[in-house]
Amino acid sequence: MQDIAKNLLTLRHRIHEFEQRYGRESGSVSLLAVSKTRSPAELQTAIANGQTMFGESYAQEAMAKMAAINDLGVSWHFIGPVQSNKTRVVAEQFTWVHSVDRARIARRLAKAVPQAVPPLNVCIQVNISAEPGKSGIQPHELPELVAEISRYERLRLRGLMAMPAPAADVSSQRKAFAALRDLYDGLHAGFPEMDTLSMGTSADMEAAIAEGSTLVRIGTAVFGPRE
Ligand SMILES: *Cc1c(COP(=O)(O)O)cnc(C)c1O
């Protein structure tokens, strides 16, 4: 638990350092703490040390934690595969979904967002390394899904997300992130309100920031290795 405080400090420092190294505006990269598999007590420690954004991959697990934590200052981001039978729970409990990759899921989420809350922030997940069996759409499917999401008042398209195949060094990691940024730039003219490139994990944060990430999703480097 002691480590979580220290890890968060180190991470904020490194993010700042990479912003400077790669000519990014100071404060332009947000830290999403990926808290899947972590206990409410671990999240509380992160919260006590100033962390406010958390990413969860499994709806059931996340709901138990939300109930235990019950802190209005925290924002919950869904980053896992969205199953059809979980769209209601996800739309009701989360303010962001980073992993929309099907029209059907977009439609179901849009229908389920409660009227009393602002539109649900969504990113489209792209299978940027073209890995068979992995989540995310192919780049050529992007215009159609963007058009679909844009039809729904209850969804707000914020940008793109990807989880590239692992690569050994920063310069090879940068290639996949550059490809996602190109797709994002291509869309941006038509959707100037888009502001989010959700890319970079503990293993490839530097490369992601170098290529324009606005939000890094970090689990291991915050909480330590997962069991
Ligand atoms: C688990 C996960 C992460 C965090 O990975 P770490 O290597 O623990 O930093 C980021 N994004 C997604 C989609 C994940 O599932």
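Tutor: Gladly! Contact means heavy atoms within 4.5 Å. Leaving aside neighbours within four places in sequence, Asp101 is in contact with Gln125, Ser135, Gly136, Ile137 and Leu145. This is a predicted model, where local features need pLDDT of at least 70, side-chain atom pairs count only at pLDDT 80 or more, and totals for chains, interfaces and linings use all residues. Residues are numbered from 1 along each chain as its sequence is written, and side-chain values use heavy atoms, with hydrogens and water left out.

Student: What makes the pair formed by the side chain of Asp101 and the backbone nitrogen of Gly136 a polar contact?

Tutor: A polar contact is a pair of N or O atoms within 3.5 Å; within protein, one must be able to donate a hydrogen and the other to accept it, and residues adjacent in sequence count only if both atoms are side-chain atoms. The backbone nitrogen of Gly136 is 2.9 Å from a polar side-chain atom of Asp101, so the distance falls within the 3.5 Å limit.

Student: What makes the phi of Thr37 worth a remark?

Tutor: Most residues other than glycine have a negative phi. Thr37 is not a glycine, yet its phi is positive, about 70°. Asn70 also has a positive phi, near 45°.

Student: Where is Thr37 found?

Tutor: Thr37 is in the loop between strand S1 (30–34) and helix H2 (40–48). Helices (H or I, at least four residues) and strands (E, at least two) are DSSP runs, numbered from the N terminus.
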